[in-house]
Amino acid sequence: MKKVILLAIIFCSLLIIPSFNVKADSSQLLFQRVETKPEIVEPGQQFTINFFLKNISSDSISDISIKLASIEGKNALSGFSPVNSTNEVYCSKISKNDTAVLSLDMIADAQLKTGTYNIVINISYKYNDTVVQDSKIIGIVIDNKANLDITSVNSSDTGDSEKDLKVAFVNASKGTLDQVMAKVTSNGKEFSQYYGSLDTGDNETYEVTLPFTKDINGKIEVSYTDELNRTGVVSKDLNIKKSASNNEKISSNNKKSGISSIGDFFKRLFGLGD
């Protein structure tokens, strides 16, 4: 008899406690897109992840939750931390055909290396008394912004027909720059030197002797490839005026002196003076 009563109590309890089916099918909720602001995040930088959602089902969706679970292949969200919140964002309801934007403020660790980090997100919501659970992967691009500076340009004469040019540049980025090459164009001619890789803070100098029979008009360029295999270049215009040589100046002065002497001769001949 006691067993019958106990079974009856358990049966009644099950009737009172609400139950929900759980399934892994998020076809009612469309992720239209996921973006980060800024689009490319630098190590140590704060950023925002925006989830653009749309309810494409025939009824309302409620209790929507998106949680950043871990880095793909790891058990933790290594390298990323939420700012002024948890790693989860919640929305109470999205009506049929409506959209919503859910946002999370995050910060990237200052020691993160350049690359794309795949983050596993867990999704949960309620649809027609059924709890829907799913997981997706989003990518966050971490990039050390390339910064190569031409720090100085100096020139000196090596004679009337040549000019020595010295160009100094530095990798002011937080990461390594590869395939670094310096190139100078002068009056249609090209001069270049390959340097390969420059680590953070590395300085280099490019020295070249240019023909200098006339004004130099050209450009200085230093090209590179960054850690995401993107090419870049920094440049400066190169303009050097050629002044008259000493021999030309002396010859010009001699001509003027000769004309002056002839004038003095005629002044003395006709008794003209100052």
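**Cavity, core and sheets**

A: By class, two nonpolar, four polar and three charged residues line the largest cavity. Here Ala, Val, Leu, Ile, Met, Phe, Trp, Tyr, Cys and Pro count as nonpolar, Asp, Glu, Lys and Arg as charged, and the others, Gly among them, as polar. This is a predicted model: local features need pLDDT of at least 70, side-chain atom pairs count only at pLDDT 80 or more, and totals for chains, interfaces and linings use all residues. Residues are numbered from 1 along each chain as its sequence is written, and side-chain values use heavy atoms, with hydrogens and water left out.

Q: Which residues line the largest cavity?
A: The lining is Asn144, Lys145, Ala146, Ser173, Gly175, Thr176, Leu177, Asp226 and Glu227. A cavity is a set of points on a 1 Å grid over the protein atoms alone where a 1.4 Å probe fits but cannot get out; lining residues have an atom within 4 Å of a point.

Q: How much space lies in the largest cavity?
A: About 40 Å³. The volume is the space filled by probe spheres set on the points, with grid points joined across faces, edges and corners. The structure holds one cavity of 30 Å³ or more.

Q: New topic. Which residues touch the most other members in the largest nonpolar core?
A: Leu29, Phe51, Leu53, Leu68, Phe80, Ile119 and Ile121, out of 33 residues in that core. Such a core is a set of buried Ala, Val, Leu, Ile, Met, Phe, Trp, Tyr and Cys residues joined through side-chain atoms within 4.5 Å. Buried means under 20% relative accessible area, exposed over 50%, partly exposed in between (1.4 Å probe, protein chains only).

Q: Which elements give two or more residues to this core?
A: β2 (29-37), β3 (46-55), β4 (61-71), β6 (88-94), β7 (99-108), β8 (115-127) and β9 (130-142). β8 gives the most, with six residues. Strands are DSSP runs (E, at least two residues), numbered from the N terminus.

Q: What is on the covered face of β7?
A: Ala100, Leu102, Leu104, Met106 and Ala108. The uncovered face has Thr99, Val101, Ser103, Asp105 and Ile107. In a regular strand, side chains alternate between the two faces of the sheet.

Q: And what stands opposite Val101?
A: Phe52 does. β3 and β7 run antiparallel and are joined by nine bridges. Two strands pair if DSSP finds at least two bridges between them. β5 (residues 80-82) also runs antiparallel to β7, with three bridges. There, Pro82 stands opposite Met106.

Q: Now the open sheet of four strands. What order?
A: β13-β12-β15-β16, with antiparallel pairing. β13 and β16 (231-240) are the edges, each with a single partner strand, so one side of each has no neighbour in the sheet. The twist averages 15 degrees from one strand to the next, using axes that are lines fitted to C-alpha atoms, with angles from 0 to 180 degrees between N-to-C directions.

Q: How many residues lie between β12 and β13 in the hairpin?
A: Two, and Asn187 in the turn has a positive phi of about 50 degrees. Eight bridges join β12 (residues 177-186) to β13 (residues 189-198). Ala182 has Gln193 as its bridge partner in β13.

Q: How many bridges between β15 and β16?
A: Ten, in the antiparallel sense. Glu221 has Ser235 as its bridge partner in β16.

Q: Last one. What order has the open sheet of three strands?
A: β10-β11-β14, paired antiparallel.

Terms used
On a 1 Å grid over the protein atoms alone, a cavity is a set of points where a 1.4 Å probe fits but cannot get out, and a pocket is an open set with protein on both sides within 12 Å along at least five of seven lines; lining residues have an atom within 4 Å of a point.
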